[in-house]
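The topics are taken in turn after the structure is shown.

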Protein chains: 2
Amino acid sequence: MLPIAIDAMGGDNAPTAIVEGARQAAAELGVPIVLVGRPDAVDAQRGDLDVIEASQVIAMDADPGSSVRTMKDSSLVRAAEAVRDGRASAMVSAGNTGATMASALLRMGRIKGVSRPAIATPIPVPGATPTVLLDAGANAECQAAWLVQFAQMGAVFARERYGVAEPRVGLLSIGEEAIKGNPLVKETHPLLADASALERSGGRFVGNVEGRDIMTDEVDVVVTDGFTGNVALKTLEGGMKTLVRSVLDALGATDVADQALQALLPLYATLDPDQTGGAMLLGVDGVCIISHGSSSATAVVNAARVAKEMVEANVVERLRAAVAPL
Amino acid sequence: MLPIAIDAMGGDNAPTAIVEGARQAAAELGVPIVLVGRPDAVDAQRGDLDVIEASQVIAMDADPGSSVRTMKDSSLVRAAEAVRDGRASAMVSAGNTGATMASALLRMGRIKGVSRPAIATPIPVPGATPTVLLDAGANAECQAAWLVQFAQMGAVFARERYGVAEPRVGLLSIGEEAIKGNPLVKETHPLLADASALERSGGRFVGNVEGRDIMTDEVDVVVTDGFTGNVALKTLEGGMKTLVRSVLDALGATDVADQALQALLPLYATLDPDQTGGAMLLGVDGVCIISHGSSSATAVVNAARVAKEMVEANVVERLRAAVAPL
């Protein structure tokens, strides 16, 4: 297997936590890893990992489009080029999400027939496989035909990543009835209800779903535009954070804190974003894993694991076969 | 004070829980209550509460528009007429939300200058006043000028209901920068940033906020279109439900279950939808409180309490003064 290119410079804890995670990934996963970034920033820590040199770093809050256009020697652009040029099998970054998308899109290009790539984010569901939410923020404004492709790609991802045999695909709306929703949902519903829409993806359309269904075992893939998807994702993240902190505060003040918190550890592990392995940008012509900005070394290992699995599953070819060109 | 009209027939637990709650409200709040519904359904239980007769019941899953047009003797339509005709000071229903809105809108009419009424839903925030989210589902498709009015009305509601002196109003988006978002957000942002927009409402625009800010003390009012707002609300409800159940399951299996669950009671009370007092339909020419479908007697008492407070605060006049006609 070609090495997985890890952007050493991206993320709140870069480069230290990223390089540490990259080394752990190489040791634990048995796959070659190559770091991308400034040698002086990683040399002291990189051990025997190879480095693809890149002199520039796109900041977490930089404008994605202009950064990628002007910073041609940035770690993100170089990582995407390594995949394009066959020097890496996949790229992983915890850096600026918009710039990661733009680098992948501009350097790898799209899978033929795909109108727009989408970010597929796994939402943890206690006791079940995660729900794949897409688009989680790549496209703030969408067309109905794009949502059909998101559904096709999401079904492939749920199958390859979580082994769901026939992923249940729902369209996010504000009521289960086909006539409910905004104009985009109303236009998309009949397209997805057409039996041929998901045929090649192996998914099954289960109709409109509501926000309350996302974090349940009622559905495997939830399709929406990138504005609504990003709002739903962040609303859920914020709510979980507030609730978990409140639970810890309340239990921490009791005599039984140790035992109670011990009992909750498996649940926290399920919800821990460092454990989910990151989101995947579906629709570009290569494997691109987006880890969250505050990624720890553990998050990097898990993101590299997903990259490895997606390369081994030949997910790009499976997406190519499942997406109906418009 | 004129009596509060409570729709005895609306809600999953109607009429029993509703009538029980209505009697408790009359006893606890010291305000007159009148039930609206079929006498034969409430007579055995109503005690000395008066009844406005209505022979029809709009089902929870009925189509709102056609039901309200054709069922002129329904409890929802009669409750709204009682407010319009000066026989009740407010209406409360746990019934079909769409039909509640339609009844209120068609019978009470809009406050002069208001383009569209919006549902303002309080989102509990542990340790702080709730965040008011609007529109939580009345208008699936919105115009920028309507969102400005939602912001004005939301600020008045946060002030009158929660005593927030200068409510911080945020525009829900997918990034804090003014240039981020969908076309509606980009068009609305500069309108809200204009100093005169919230002047008469007493609110202060704090810019774009993200989903993760809703359940925090960073903002008092979150403005969005009814599609996004409903998705955010239900995503949060579903996530909370899943997480609370998982916490209870994990703690319930331990030796310290009793003590641990006892410590969490105040948090559960904060999150319990029966305690929030329901949502308010802002922009109609009367007080209309929407309680959730599975309302218990306690939920009805709390909804009636909010109705009483909003009548006493003269909220409709305050909304009228705050909304800039388009």
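Two residues are taken to be in contact if their C-beta atoms, placed from the backbone, lie within 7 Å. By that criterion, 44 residues of chain A are in contact with 44 residues of chain B. The model is a predicted one.

**Interface between the chains**

- Helix H8 (226-252) and helix H9 (257-271) of chain A are the elements that give two or more residues to the side of chain A that touches chain B.
- H8(A) gives the most to this side, with 19 residues.
- By class, the side of chain A that touches chain B has 23 nonpolar, 14 polar and 7 charged residues.

**Relation between the copies**

- The same surface serves both copies, as 100% of the contact residues of chain A recur in chain B.

**Sheet of chain B**

- Chain B has an open sheet of 11 strands with mixed pairing, in the order S3-S2-S1-S4-S11-S10-S5-S6-S9-S7-S8.
- Strand S3 (50-53) and strand S8 (204-209) of chain B stand at the edges; each has a single partner strand, so one side of each is left without a neighbour in the sheet.
- From one strand to the next, the twist averages 25 degrees.
- Strand S2 (residues 33-37) of chain B is joined to S3(B) by 4 bridges, and the two run parallel.
- Leu35(B) has Val51(B), in S3(B), as its bridge partner.

**Helices against the sheet**

- Helix H6 (residues 144-162) of chain B lies across strands S5 (118-125), S6 (128-134), S7 (168-172), S9 (221-223) and S10 (279-282) of chain B, and runs at about 160 degrees to S9(B).
- Helix H8 (residues 226-252) of chain B also packs on the sheet, where it touches S5, S6 and S7 of chain B.
- The direction of H8(B) makes about 140 degrees with that of S6(B).

**Domains of chain A**

- The domain assignment of chain A gives domain 1 (1-113 + 283-326) and domain 2 (115-278).
- The C-alpha centres of these two domains of chain A lie 24 Å apart.
- In chain A, 28 residues of domain 1 are in contact with 20 residues of domain 2.
- The elements of chain A that give two or more residues to the side of domain 1 that touches domain 2 are helix H5 (97-108), strand S11 (287-290), helix H10 (297-312) and helix H11 (315-322).
- H10(A) provides the largest share of that side, 8 residues.
- The residues of this side of domain 1 of chain A divide into 17 nonpolar, 7 polar and 4 charged.

Methods
Residues are numbered from 1 along each chain as its sequence is written. Chains are lettered from A and ligands numbered from 1 in the order in which they are written. This is a predicted model: local features need pLDDT of at least 70, side-chain atom pairs count only at pLDDT 80 or more; totals for chains, interfaces and linings use all residues. Ala, Val, Leu, Ile, Met, Phe, Trp, Tyr, Cys and Pro count as nonpolar, Asp, Glu, Lys and Arg as charged, and the others, Gly among them, as polar. Two strands pair if DSSP finds at least two bridges between them. Axes are lines fitted to C-alpha atoms, for helices over the stretch in contact, and angles run from 0 to 180 degrees between N-to-C directions. Domain bounds come from an automatic or database domain assignment.
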